[in-house]
Amino acid sequence: MEYINTDLCVRLLAAVILGFLLGLERELTNKYAGLRTHILVCLGACVFTILSIYGFPTFADGDNVIITQATGVRDTARIAAQIVTGIGFIGAGTVLRNGPMVFGLTTAATLWIAASIGMACGCGMYDVAVVATVISVAVLTIIRVFERQFIPNNVKNVKRYKLSVYCNSTDVKMVYDYITSKVDVVSDFVSKKLIENSTKSRITTSFEICNKKLIDEIYESLSSIEGADSISLQELND
């Protein structure tokens with residue numbers, strides 16, 4: 001019975017933990033790529049790196065006898081190098097474009113750094129992996145606060161939100177008038193009556209706001225509508 005390589009197991013566990021810490025910030029900010037995605041990307045990069053280093057030895061054995069030279073001069077980076085380009089396919093899936101606005105670039109970047117942290121764990125470079133994780137989480141949290149507090153007029157501080165409201169059909173115009181009175185630019189305002197109940201309608205729209213307090217005010221005001229059954233506000237920005 002072959003023994004379990006404790007060192008390799010520790011590397012995998014480290015990748016899971018660091019991927020969790022990186023994905024936690026994305027999960028708490030309600031992004032599409034959250035905990036599970038970052039954990040799996042980090043773990044996958046770690047596994048591929050380990051395979052690249054240990055999975056393909058220079059010589060192949062047969063019946064405990066070296067029978068042939070398998071690869072000649074071994075390049076331990078040939079598989080791990082593909083992670084750098086391969087992660088781009090996953091990252092591209094998180095980037096969305098709506099007119100002139102582009103969303104998901106920060107999440108794509110966190111997936112990219114998650115892969116690099118997983119590779120560092122796979123190489124056993126725990127110090128690099130831990131420091132990179134700490135710096136990445138600091139950038140995602142502290143820099144966001146810095147931008148909002150010290151660069152208030154920065155166009156990146158403008159957040160795009162998607163609003164969904166289920167309410168009485170008679171309240172649709174009131175909701176529209178209220179939203180347009182609070183927000184300068186309202187796009188894609190759509191109202192559809194429910195098939196199962198024509199007295200109820202579903203309103204969907206999106207708008208841009210840079211004032212967090214205004215979002216809270218809008219949510220509270222719409223919640224006070226007597227016929228409002230459900231209200232959902234989702235941030236679409238990075």
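**View 1. Helices α4 and α5 run roughly antiparallel to each other, because their packing angle is over 145 degrees.** In this predicted model, α4 and α5 pack at an angle of about 165°, with their axes 8 Å apart. Axes are lines fitted to C-alpha atoms, for helices over the stretch in contact, and angles run from 0 to 180 degrees between N-to-C directions. Helices are DSSP runs (H or I, at least four residues), and strands are runs of E (at least two), numbered from the N terminus. The α4 and α5 crossing is left-handed; that is, the near helix is turned anticlockwise from the far one by less than a right angle, whereas clockwise is right-handed.

View 2. Ala, Val, Leu, Ile, Met, Phe, Trp, Tyr, Cys and Pro count as nonpolar, Asp, Glu, Lys and Arg as charged, and the others, Gly among them, as polar.

**View 3. Helix α1 packs against helix α2.** α1 spans residues 6-28 and α2 spans residues 35-55. Their angle is about 150°, and their axes lie 7 Å apart. That makes α1 roughly antiparallel to α2. The crossing here is right-handed. By class, the contact holds 15 nonpolar, three polar and three charged residues.

**View 4. The largest nonpolar core has 23 residues.** Such a core is a set of buried Ala, Val, Leu, Ile, Met, Phe, Trp, Tyr and Cys residues joined through side-chain atoms within 4.5 Å. Buried means under 20% relative accessible area, exposed over 50%, partly exposed in between (1.4 Å probe, protein chains only). Val-41, Ile-83, Ala-115, Ile-117, Cys-121 and Ala-129 touch the most other members. α4 gives the largest share, seven residues. A second, separate core of 19 residues includes Leu-163 and Ile-225.

**View 5. Helix α3 has buried residues.** They are Ala-80, Ile-83, Ile-87 and Gly-91. Their cover includes α2 and α4.

Residues are numbered from 1 along each chain as its sequence is written. Local features of the predicted model need pLDDT of at least 70, side-chain atom pairs count only at pLDDT 80 or more, totals for chains, interfaces and linings use all residues, and side-chain values use heavy atoms, with hydrogens and water left out.

Key
Parallel < 35°, antiparallel > 145°, perpendicular 65-115°, else oblique. Contact = heavy atoms within 4.5 Å.
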